[in-house]
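Hi there,

Here is the structure I promised to pass on. Have a look at it first, and then read on for what turned up.

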Amino acid sequence: MTDSTEIEAVLAPISAGRATARFEGGRASIVLDVTGLAPETRDALEADVRAAAAGIAGVDEVRVLLTSERRTRRIIAVASGKGGVGKSTVAANLAIALARLGRRVGLVDADIYGPSQPKLMNVEGIRPKARDKILIPVATPYGVPMLSMGGLVAEGQAIAWRGPMAGGALGQLVDADWGDAELLVLDLPPGTGDVQLTMIQKHKPAGAVIVSTPQDLALIDAARAIDLFGKAGIPVIGLIENMSGYACPHCGEVSDPFGSGGAEAAAGRLGLPFLGRVPLDIAIRTASDAGKPPAAGNGPEAQVFAELAAKVDGWLKTGG
């Protein structure tokens with residue numbers, strides 16, 4: 001005679017122990033734990049479990065209840081005190097480089113008013129889907145799922161929202177169905193306003209990476225971002241100096257149109273780690289504009305971001 005033990009024994013090889021069953025009056029009621037599974041994996045598992053249970057003699061009806069524990073993911077905020085320092089490019093390439101190190105990474109474009117990650121990650125025009133009012137991140141060609149307001153509004157449309165609306169939108173992006181992602185890289189808007197405060201208060205990043213160009217004006221604003229995280233008790237993982245040094249493609253001479261070493265010197269003054277430099281390189285600019293982040297390749301530009309990611313990865317491994 002069919003009983004719960006028999007049903008669970010049939011389902012065990014399929015569900016890897018995720019299914020428990022109760023059998024009564026010809027009805028098999030199955031509770032299936034889908035914690036950490038990607039949407040497509042979850043749907044396939046449910047279908048397989050349902051089919052296997054329906055094939056057991058004496059089972060006339062199958063009901064499957066999906067359960068999932070809320071996963072705790074660490075968040076790395078990539079921030080700057082001002083715009084125009086290449087923060088989004090650094091965030092995208094850092095996320096890809098971390099994924100290439102074996103991290104399960106998601107990318108959140110939290111720059112609500114100026115989203116640029118869809119272009120950088122080559123998913124322009126792809127709108128994220130939702131299940132039970134929870135957003136499902138967009139798959140990218142680089143193994144890093146992503147969500148951005150740029151995927152939810154028409155191209156070129158201004159997002160004229162006040163702070164509470166922007167904060168609510170950020171919450172939906174962060175609390176999406178990230179599957180088995182263990183780490184979220186947040187590309188924050190520049191400055192120290194409502195979106196940053198909402199992120200710090202509600203989502204508590206594990207740490208922050210500060211991006212600056214070498215010149216004094218950018219460093220003044222970077223110091224403000226560092227102060228914000230310090231007051232909120234968020235560790236600063238370190239500083240990255242972007243657009244650092246320009247090598248002439250014709251003669252090879254290196255010049256410093258934005259100055260040199262400013263971020264490293266600032267890190268030293270503030271007692272913070274200096275993570276490294278990203279050169280002012282036309283190859284990085286053209287690849288990024290084409291939706292082909294250099295970190296996904298094998299050239300010298302990829303190595304720059306691999307070294308930055310290795311330092312962030314080491315910080316994560318030591319628990320900050």
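This is a predicted model: local features need pLDDT of at least 70, side-chain atom pairs count only at pLDDT 80 or more; totals for chains, interfaces and linings use all residues.

Within the pair, Val31 stands opposite Leu65 in E3. To get from E2 to E3 the chain passes through H2, and this β-α-β crossover is right-handed. Another bridge to look for is that of Arg27, whose partner in E3 is Glu61.

These two strands belong to an open sheet of three, in the order E1-E2-E3, where the pairing is mixed. Strand E1 (19-24) and E3 are the edge strands with a single partner strand each, so one side of each has no neighbour in the sheet. From one strand to the next, the twist averages 15 degrees.

Two helices pack on this sheet. H1 lies across E1 and E2 and runs at about 150 degrees to E1. H2 touches E2 and E3, and its direction makes about 150 degrees with that of E3.

How do H1 and H2 pack, in angle and in distance between their axes? Helix H1 (residues 4-15) and helix H2 (residues 39-54) meet at an angle of about 155 degrees, with the axes 10 Å apart. The two are therefore roughly antiparallel, since angles over 145 degrees count as such. Their crossing is right-handed. On the H1 side the contact is made by Val10, Leu11, Ile14 and Ser15, and on the H2 side by Leu45, Asp48, Val49, Ala52 and Ala53. Sorted by class, this contact has seven nonpolar residues, one polar and one charged.

Further along there is another open sheet, this one of seven strands in parallel pairing, with the order E8-E5-E9-E4-E10-E11-E14. At its edges stand strand E8 (146-148) and strand E14 (274-278); each has a single partner strand, so one side of each is left without a neighbour in the sheet. Here the twist averages 20 degrees from one strand to the next.

Inside that sheet, strand E10 (residues 207-212) and strand E11 (residues 236-242) pair in the parallel sense over five bridges, and Val209 stands opposite Gly238 in E11. Helix H3 (residues 87-100) lies across strand E4 (74-79), strand E5 (105-109), strand E9 (183-187), E10 and E11. Relative to E9, H3 runs at about 165 degrees.

Terms used
Residues are numbered from 1 along each chain as its sequence is written. Side-chain values use heavy atoms; hydrogens and water are left out. Axes are lines fitted to C-alpha atoms, for helices over the stretch in contact, and angles run from 0 to 180 degrees between N-to-C directions. Helices (H or I, at least four residues) and strands (E, at least two) are DSSP runs, numbered from the N terminus. Angles under 35 degrees count as roughly parallel, over 145 as roughly antiparallel, 65 to 115 as roughly perpendicular and the rest as oblique. A crossing is left-handed if the near helix is turned anticlockwise from the far one by less than a right angle, and right-handed if clockwise. Contact means heavy atoms within 4.5 Å. Ala, Val, Leu, Ile, Met, Phe, Trp, Tyr, Cys and Pro count as nonpolar, Asp, Glu, Lys and Arg as charged, and the others, Gly among them, as polar. Two strands pair if DSSP finds at least two bridges between them. A crossover is right-handed if, with the strands pointing away from the viewer, the path from the first strand over the helix to the second runs clockwise.
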